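Please keep the structure below at hand while reading.

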Amino acid sequence: MKLSIADIASLTNAKIVGDDPPKAGFISGIAKIEEAKEGELTFLYLSQYEKYFPTTKASAILVKPEFKKTRADIIYLEVPDPNKAFFKIISAYFAPKFPLEGIDATAFVHPSASVGENTALGKNVVISAGCKIGKNVKIFHNTVLLENVEVGDDSLLFQNVSIREECKIGKRVIIHSGTVIGSDGFSYTMENGAYVKIPQIGNVILEDDVELGSNVSVDRAVMGSTIIKQGTKIDNLVQIAHNVVVGEHTAISGQCGISGSTKVGKYCVFGGQVGVAGHIEITDNVLVAAKSGISKSVTKSGTYFGAPLKEIKDAFRQEAHIRNLEHYAKRIKELEKKVAEISEQLKNSLER
Amino acid sequence: MKLSIADIASLTNAKIVGDDPPKAGFISGIAKIEEAKEGELTFLYLSQYEKYFPTTKASAILVKPEFKKTRADIIYLEVPDPNKAFFKIISAYFAPKFPLEGIDATAFVHPSASVGENTALGKNVVISAGCKIGKNVKIFHNTVLLENVEVGDDSLLFQNVSIREECKIGKRVIIHSGTVIGSDGFSYTMENGAYVKIPQIGNVILEDDVELGSNVSVDRAVMGSTIIKQGTKIDNLVQIAHNVVVGEHTAISGQCGISGSTKVGKYCVFGGQVGVAGHIEITDNVLVAAKSGISKSVTKSGTYFGAPLKEIKDAFRQEAHIRNLEHYAKRIKELEKKVAEISEQLKNSLER
Amino acid sequence: MKLSIADIASLTNAKIVGDDPPKAGFISGIAKIEEAKEGELTFLYLSQYEKYFPTTKASAILVKPEFKKTRADIIYLEVPDPNKAFFKIISAYFAPKFPLEGIDATAFVHPSASVGENTALGKNVVISAGCKIGKNVKIFHNTVLLENVEVGDDSLLFQNVSIREECKIGKRVIIHSGTVIGSDGFSYTMENGAYVKIPQIGNVILEDDVELGSNVSVDRAVMGSTIIKQGTKIDNLVQIAHNVVVGEHTAISGQCGISGSTKVGKYCVFGGQVGVAGHIEITDNVLVAAKSGISKSVTKSGTYFGAPLKEIKDAFRQEAHIRNLEHYAKRIKELEKKVAEISEQLKNSLER
């Protein structure tokens with residue numbers, strides 16, 4: 001691999017500093033600052049990684065314009081957002097190309113199913129009756145689609161994905177391994193001391209540009225649809241229950257769980273292991289810190305934390321009070337002592 | 001689809017109101033109140049959905065007898081439990097029929113295994129040596145059973161399920177995709193600075209009428225059996241560790257985790273993301289709110305919340321105190337000020 | 001099965017007590033104390049299981065030397081650690097032998113891949129281009145390895161495991177069903193109101209003697225490697241995000257989640273459902289109780305609990321204060337009343 005620094009600067013609108021007189025002007029690869037080897041390009045964005053700058057072996061580095069350029073043996077590329085610039089380079093030159101091509105002889109496509117041009121199906125893939133698979137789709141080995149599933153153009157499904165009947169997957173959707181779309185919702189009625197299953201006759205809709213991590217579970221709706229809207233990204237091991245609707249461009253981190261029939265707005269961001277109760281609504285632009293528990297509707301955009309959930313400044317203030325409890329207890333004790341003393345003194349003075 | 005309202009009323013013991021003079025008397029389908037179209041039947045159960053009543057396009061609606069029937073253009077079916085009546089209709093007329101039939105040519109059945117009448121095995125299913133599969137079972141594509149697994153009559157295993165050797169699955173059991181039964185328990189001893197694995201030689205028993213969601217993990221016992229008893233329902237992404245016993249008719253919501261050798265009683269209900277420590281016992285009829293952490297045995301039936309776990313009324317009272325902490329801190333400060341003043345006044349008065 | 005008690009005593013360095021005159025001297029199997037049948041060997045380790053001793057049907061029992069030997073109808077084997085001795089017996093005589101052998105006709109091995117001697121590949125296994133599989137490896141049915149994956153000697157991969165391209169698996173590694181290695185990290189930039197995916201071009205390295213439970217997700221690195229170091233054990237449904245490094249001989253219990261770029265030391269132990277923030281460092285020998293949330297680096301070995309995380313003695317003290325809140329509130333109220341009284345008395349006395 002040999003990439004010209006001039007090309008990289010052009011791609012990222014970077015100003016080259018410290019390459020005077022101009023050096024060879026090529027990089028051989030990219031790496032994190034603590035792992036970069038001679039000839040490689042790296043970047044500096046978070047301040048906690050600055051400790052690696054004096055010793056990095058990288059030959060070029062993307063930095064903010066204000067970064068102190070204390071080393072003369074490295075070429076600086078100044079950009080406002082070194083991380084974004086770096087990721088642009090990854091996308092342009094290093095994005096993985098998955099070599100899956102054609103329809104494998106061991107893949108099964110039901111005669112009533114349709115498969116678009118240039119779509120690749122791996123080994124032992126099962127495309128059941130009535131499925132409609134778009135163009136330029138890649139479905140990796142051992143992934144199984146039950147009846148009437150639709151997958152839009154340019155989508156990517158990794159190995160061992162399970163999609164139940166009637167679910168609709170949009171365009172440019174990415175689904176990672178082990179993920180299950182359309183399993184039954186957790187819905188029963190209790191009759192004569194035993195749970196009776198409520199048939200789950202709805203489906204799941206993943207709109208365009210959705211990405212689901214690995215081992216995610218998205219349950220089908222009792223009726224109607226569980227919907228993940230356009231551009232929303234969901235991390236590994238997340239639970240999306242029946243009839244949930246997640247708005248556009250929301251990000252849900254690993255191991256979050258959203259209970260049945262809850263609606264989450266657009267441009268929300270949930271940290272890891274957040275739990276959300278059923279039948280509530282979270283408005284748009286709600287940021288929720290990791291491990292929070294949301295038991296009531298959130299009607300105001302903002303940043304929240306805790307279980308029960310509070311605005312983050314209230315949660316921090318409350319936490320400070322809790323840390324002070326030992327101190328408060330001591331002060332109550334001292335007050336009691338003091339008040340007893342005063343009471344005694346007063347009694348004595350009145351008796352005089 | 002065309003269902004007579006008279007038939008529906010008969011199935012659900014409903015009283016028809018507002019169909020005078022009688023209209024055509026047929027519905028074309030069912031839907032949620034906010035999504036119903038003309039000709040469809042819907043239901044009203046939770047009060048937060050009443051806001052959709054004035055505008056629903058449904059032609060018929062299941063309601064409680066006391067519901068205010070303010071619209072004349074809709075047929076009312078009065079029942080005590082509109083949701084149960086609605087689910088009865090779903091079960092009777094709309095329950096999904098999975099079209100899997102026969103033993104696919106790509107399914108493998110070991111010569112020493114037995115498969116009952118009318119059982120269907122999907123593509124690439126693996127039924128290993130010594131397995132005994134009952135009658136009317138459906139096992140979907142790419143599901144793998146290792147040696148000597150038993151599956152009772154009328155059970156339903158979706159695609160990409162993994163069952164390890166020696167596990168016993170009862171009748172009418174449903175297992176959703178991605179679920180793993182019989183993986184090794186997390187058991188090691190530390191020897192000379194390294195973990196040494198303890199072989200896990202027990203198995204898993206799922207009794208009749210158990211349902212497991214998608215991506216559930218149920219570990220086999222070190223010795224003996226991990227047991228999920230009759231009629232118990234387990235939601236997605238739940239962890240059941242080695243040697244756990246879950247009693248009859250218990251419901252465990254998504255992302256709960258139950259640690260090794262713990263016993264959970266019957267008719268318990270756990271909300272989502274509850275964690276339970278190992279080697280403890282939870283008695284029958286224990287309801288635990290979402291996100292709770294149970295570190296000690298629970299010997300009294302009731303409703304609980306928190307980590308550490310408390311009876312829910314105590315948890316709520318404690319939470320109220322925590323919310324009041326700011327107020328308490330202020331009152332302590334005021335008391336200190338007041339006491340200092342009194343002390344000063346008293347001192348002055350005594351010195352006079 | 002017929003094992004001589006003399007052989008068992010020799011294997012575990014146990015002293016035989018209560019076999020005078022010597023009995024037949026054989027056991028027919030092993031079992032937990034509450035389930036043992038006549039002829040079987042059991043053990044007693046945790047005090048909460050002593051209640052089963054008076055009634056156990058076991059014919060022999062591993063106990064500590066100080067155990068009160070109140071029954072004459074049972075043979076005692078005295079050892080310092082009855083549980084370790086018992087597990088040694090399991091390992092020696094009862095460890096499961098997985099009967100998978102040879103390369104199944106339905107397994108796919110790309111011509112450019114290599115497979116070592118005595119390695120077994122189950123049905124529908126996919127070994128993609130460039131893979132290198134060592135000797136004595138067992139890969140069960142429907143497991144899929146994408147391009148250039150390496151698996152070291154004596155490793156064991158159960159059914160329905162998914163390994164993405166370029167990941168490196170060491171020797172004697174065990175991976176349970178449903179686990180996904182090398183799915184993409186959860187990394188996006190926001191551009192013009194939409195998330196843009198950052199290609200994940202790193203990989204995952206599992207060093208020798210690592211074990212991963214079922215339905216675990218280990219994401220590949222953005223660049224470089226996500227690394228699980230030698231001897232570390234990870235339980236079911238755990239999330240390991242991109243670029244995480246977990247040190248040697250660490251144990252991570254079920255449903256823990258470790259966020260991106262975090263480094264965990266060696267000999268750490270995490271209870272279940274612990275969450276760890278991204279870009280932090282946990283030093284060696286850190287024990288974290290279940291359900292804790294770690295949002296900042298931990299630089300001192302020790303035992304911790306809570307969210308926010310505290311040293312466990314501080315967490316317990318704080319919890320005691322929280323339990324006392326009702327009492328504190330009462331004392332504040334009483335102080336206020338008392339102070340008002342004093343104030344009144346003082347005022348009266350001064351006015352006299």
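Between chain A and chain C, the contact takes 57 residues from chain A and 53 residues from chain C, two residues being in contact if their C-beta atoms, placed from the backbone, lie within 7 Å. Residues are numbered from 1 along each chain as its sequence is written, and chains are lettered from A and ligands numbered from 1 in the order in which they are written. This is a predicted model, in which local features need pLDDT of at least 70 and side-chain atom pairs count only at pLDDT 80 or more, whereas totals for chains, interfaces and linings use all residues.

On the side of chain A that touches chain C, the elements giving two or more residues are helix H2 (82-94), H3 and H4 of chain A; helices (H or I, at least four residues) and strands (E, at least two) are DSSP runs, numbered from the N terminus. H4(A) gives the most to this side, with 13 residues.

Chain A also meets chain B, where 53 residues of chain A are in contact with 57 residues of chain B. The elements of chain A that give two or more residues to that side are strands E20 (180-183), E21 (188-191), E22 (194-197) and E25 (217-219), together with helices H3 (312-323) and H4 (325-351). There, H4(A) gives the most, with ten residues.

Within chain A, ten strands form an open sheet with parallel pairing, in the order E8-E11-E14-E17-E20-E25-E28-E31-E34-E37; two strands pair if DSSP finds at least two bridges between them. Its edge strands, E8 (108-109) and E37 (293-294) of chain A, each pair on one side only. E8(A) and strand E11 (residues 126-127) of chain A pair in the parallel sense over two bridges, and A:Val109 has A:Ile127 in E11(A) as its bridge partner.

In helix H1 (residues 5-12) of chain B, the residues B:Ile5, B:Ile8, B:Ala9 and B:Thr12 are buried, that is, 20 or more other C-beta atoms lie within 10 Å of their own, with C-beta atoms placed from the backbone. They lie on the same side of H1(B) because they cover an arc of only 100° around the axis, the arc being that of the directions from the helix axis to the C-beta atoms. Just after H1(B), B:Asn13 takes a positive phi of about 55°.

How values were computed
A residue is buried if 20 or more other C-beta atoms lie within 10 Å of its own, exposed if 12 or fewer, and partly exposed in between; C-beta atoms are placed from the backbone.
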